[in-house]
Amino acid sequence: MMKYRQYLVFVVLIQISLGGFSQKTENINQSFGLNSYTLSLNQIKYKQPANFNYIRRELGNEEYLKCIFADPAAIYQGYWHKIISKDKNFVAIIDIPPVWSKDSVHIFMELVPESKIKINTYHLSHIKADFGSNIGKGIDSLEGFPIKYKSSKYAHEAFNADTVITYPLKMWQKYEDQYNHCQVVVIQKNTRGLVCLYCFYNDKGKRKLNRYLKSLEGMFWYRDPKDYIEVIEPPKSDSIIHIIPRKKKNLIQ
């Protein structure tokens, strides 16, 4: 599953370089580089949360989260974006999987059009990959794993999403020699893509975890179609048809 996730990244990079996405889209946030294209395709807005600083790494200098993988020697997906609380006790790595749907049913990949991966359940495959890498073996089911679904009301009010799932991952080593706890937040909306936040925090940050997570609400927002689709109203006309009689010709010369 991890190799497949890397393959998705590879496919999207090729598609962009070849002009594979011909659809005109709004570039929502330039600071996300290539990931801004995925945000734009899925109509997701980004808003900088208060009391956090944003850090972007350049392509080729990305981070690898070996601290949460059972096999730290393996090469895994790189990450470019993160936010750090101003008290330095909480860090959220931002993962924007490069997936979107052209038909609102399946993930669209121009180079492999026969692929039939459903967009609405892809986030579950993503979670399985996280746990599989975290424990060091592949898994077929999420049964028994400590995942928690937030209420649909919370998902809608916090991100205008359909699903928000949180789960802890084991820390095999400290992140940046400071952070020893990890919790993942997966945000998903049907027919669109997903956004994942890998949240790392130390013992001081653990005491304020709910406050940090509250600050992240609204950080990503799925726009409603009415907000970005131009609606052209038909011209208004009177319901009464006025018939104007023609003038009679004067037959007397």
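Leu-65 is in contact (heavy atoms within 4.5 Å) with Tyr-79, Ile-93, Tyr-175, Tyr-198 and Phe-200, leaving aside its neighbours within four places in sequence. This is a predicted model: local features need pLDDT of at least 70, side-chain atom pairs count only at pLDDT 80 or more, and totals for chains, interfaces and linings use all residues. Residues are numbered from 1 along each chain as its sequence is written, and side-chain values use heavy atoms, without hydrogens and water.

**Nonpolar cores**
- A nonpolar core is a set of buried Ala, Val, Leu, Ile, Met, Phe, Trp, Tyr and Cys residues joined through side-chain atoms within 4.5 Å.
- Buried means under 20% relative accessible area, exposed over 50%, and partly exposed in between (1.4 Å probe, protein chains only).
- The largest nonpolar core has 32 residues, and Leu-65 is among those with the most contacts inside it.
- Strand 10 (194-201) and helix 3 (122-135) are among the elements that each supply at least two residues of this core.
- Helices (H or I, at least four residues) and strands (E, at least two) are DSSP runs, numbered from the N terminus.
- Strand 10 gives the largest share of this core, four residues.
- A second, separate core of 28 residues includes Tyr-46, Ile-83, Phe-159 and Val-195.

**Val-195**
- Val-195 lies in strand 10.
- Val-195 is buried, with a relative accessible area of 1%.
- Val-195 and Phe-220 are 25 residues apart in sequence, yet 8.1 Å apart in space, C-alpha to C-alpha.

**Cysteines**
- The structure holds zero disulfides (pairs of cysteine sulfur atoms within 2.5 Å).
- For Cys-182, the nearest cysteine sulfur, that of Cys-67, is 6.8 Å away.
- Cys-182 is buried at 4% relative accessibility.
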